[in-house]
Structures are given as structure tokens and as C-alpha cells.
Amino acid sequence: MSVVNQGIPMAGAALAASTGWMAWAVRGRSAAVFGRSVWRGPTGRRAIALTFDDGPSESTPAILEILARHNVPATFFQIGVNVERLPAIARVVAQAGHEIGNHTHTHPMFCFRSTRFMEEELRRAQQAIERHSGARPVWLRVPYGVHWFGLERAQRTLNLTGVMWTVIGYDWSLKAGEVVERVAQRVSNGAILCLHDGRELRVRPDAGQTVEAVRRLVPMLLDRGYTFETVSRLLCPTN
């Protein structure tokens, strides 16, 4: 075999490895290549964090009612545009003692976006959330879990730390029972659970499956001995 031919499979392997690394860096839940990010809390305590993306929406109050019934705190990663559309609901989330995180202003995918674009998305969401709820987020969840070049600088500028998830419920596409089964099978000490109280920027989204899943999951996990905490409390238990 010639030297040229020997190089072909080696080049192919290198390309595959490079592609795999890039895919992990962009969407890997444990990746922090493009910015500070966490995906679970300490495993030494039987504590978990329940998080919700894409709100606030018209379905958020129903979720808040379930959480209040069981005295359970959660972290809501809110979209700036939705906060501006439903400021009263955003305010109620904060007043109920839940934590609010940044989920960008218009829910774009960050692939191939500039640092300036990403920073503006995060800044506008920060401003909307603080203006309408009084909370200034310290945690960020990027839409679709996609990180990109320049995100670290944008996060640093706004003092935001990325939060991925240990378990995601796929509650935008699965039935409530399937969501419950998926989460219940994968939950563990320190887990960060990801559900959705909205559906991106949709007005009056159908989040009924999520509401029903939360209604079943919360008492089930409490019965298993788990304590629900905000992301801040889970990650920084001594603060």
C-alpha cells in the first residue's frame, strides 16, 4: 500500500474524531468548551432541581399551583419575549419564591451566530426579566442546548453560568405517562430535571402533558425521599 493510500483512512479517522468532538462541544451536556456550564449537582445528598424552560406561558400558573401544593421550589428559565407578553405571570413566579434563569430573548439557536448577537440576546432577556419580576438571573440555559464560539465571552460579560440537565423529559412530544416514566427511571441524587412550561414563543401553548406529568412526578419523587431545591441551592448548598 502506498503512503498516500495509508493516509486516507488516517485522515478519515481524524475527521470523524474532530466531528465527534465538535458535536460534543456544541451539545454535550457536560461540555464547557464554549462557556461555564454545569449539568448536575453534588451526589452526596438526596436533592434534585426541577427546572422549566420556555415560559412564562398561560400554562405556568397551573404548574405553580402544583408546586405550591407540595411546597416545592423550582427554577424557571424564561424567554424575554414571553416575559414581556405575560409580565404578571413572570412576577408571580418570582413572588412565589422560585428561581428565574435566562433562556435568551427570542429563543434562537446559537450555531453560527456572532458573539455580539448572543450577548444581545442574553442582555435583552436579563433586562426584561429584571424589569418585570425584579429578579436578575445568574443562570443561563441556551435554547436547544446549543453552545457556540463566543458564548463564553457573552456569559462572562453578563455574569451568567450555563445550566444543562441530567434528565430531559421530552415533554413537548411525549405523553404525560411517558414523561413520568422517563424521568423516574433516570433521576438520581443531584439530578437537574428539565421540563417546559411553554413551547418556545407560542401564544397559549398546549402544555397539558407537562402539567399532568408534574402533577404525578412531584409526589412520586417526594415519596422516594428526594428534596426539591432551586438550581442555586442544589449547586451551592452552603450559601
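Let me start at the end of helix α5, where glycine 134 follows the helix with a positive phi, near 85°. This is a predicted model, so that angle is a computed one.

The helix itself, α5, runs over residues 115–133, which is 19 residues. From first C-alpha to last, α5 reaches 27 Å, close to the 27 Å expected at 1.5 Å a residue.

Now its buried side. Met118, Glu119, Glu121, Leu122 and Ala125 are buried in α5, and so are Gln126, Ala128, Ile129, His132 and Ser133. What do the buried residues of α5 pack against? On the strand side of the list there are β3 (75–78), β4 (99–102) and β5 (139–140). The helices they pack against are α3 (80–85), α4 (87–95) and α6 (151–158).

Next, the cores. In general, nonpolar side chains in soluble globular proteins tend to be buried together. Here the largest nonpolar core has 33 residues. Those with the most contacts inside it are Ile48, Leu50, Phe52, Leu67, Phe76, Leu193 and Leu221. Two or more residues each come from β2, α2 (60–69), α4, α5, α7 (176–186), β8 (192–196) and α8 (208–223). Of these, α8 gives the largest share, six residues. Leucine 221 is in contact with Ile48, Val187, Leu193, Tyr226 and Phe228, leaving aside neighbours within four places in sequence. There is also a second, separate core of 10 residues, which includes Met118, Leu151, Leu158 and Leu160. Met118 you have already met, among the buried residues of α5.

The volume of the largest cavity is about 40 Å³. Its lining is made of Leu50, Leu193, Leu195, Val214, Leu217, Val218, Leu221 and Phe228. By class, that is eight nonpolar residues, with no polar and no charged ones. Both β8 and α8 supply at least two residues of this lining, and the largest share, four residues, comes from α8. Leu50, Leu193 and Leu221 line the cavity, and these three are also among the residues with the most contacts inside the largest core.

Last, a charged residue. Aspartate 53 is found in strand β2, residues 47–55. Is aspartate 53 buried or exposed? Its relative accessibility is 3%, so aspartate 53 counts as buried, the cut-off being under 20%. Beyond four places in sequence, aspartate 53 touches Phe77, His103, Arg141, Cys194, Leu195, His196, Asp197 and Gly198. One of these, Leu195, also lines the largest cavity.

Note on methods. Residues numbered from 1 in each chain as written. Predicted model: local features only at pLDDT ≥ 70, side-chain atom pairs only at ≥ 80, totals over all residues. Heavy atoms only, no water. Expected span 1.5 Å × (residues − 1). Buried < 20%, exposed > 50% of the residue type's maximum accessible area, 1.4 Å probe, protein only. Contact = heavy atoms within 4.5 Å. Core = buried A, V, L, I, M, F, W, Y, C linked by side-chain atoms within 4.5 Å. 1 Å grid on protein atoms, 1.4 Å probe; cavity = no way out; pocket = protein on both sides within 12 Å on 5 of 7 lines; lining within 4 Å. Points joined across faces, edges and corners; volume = space filled by probe spheres on them. Nonpolar A, V, L, I, M, F, W, Y, C, P; charged D, E, K, R; others polar.
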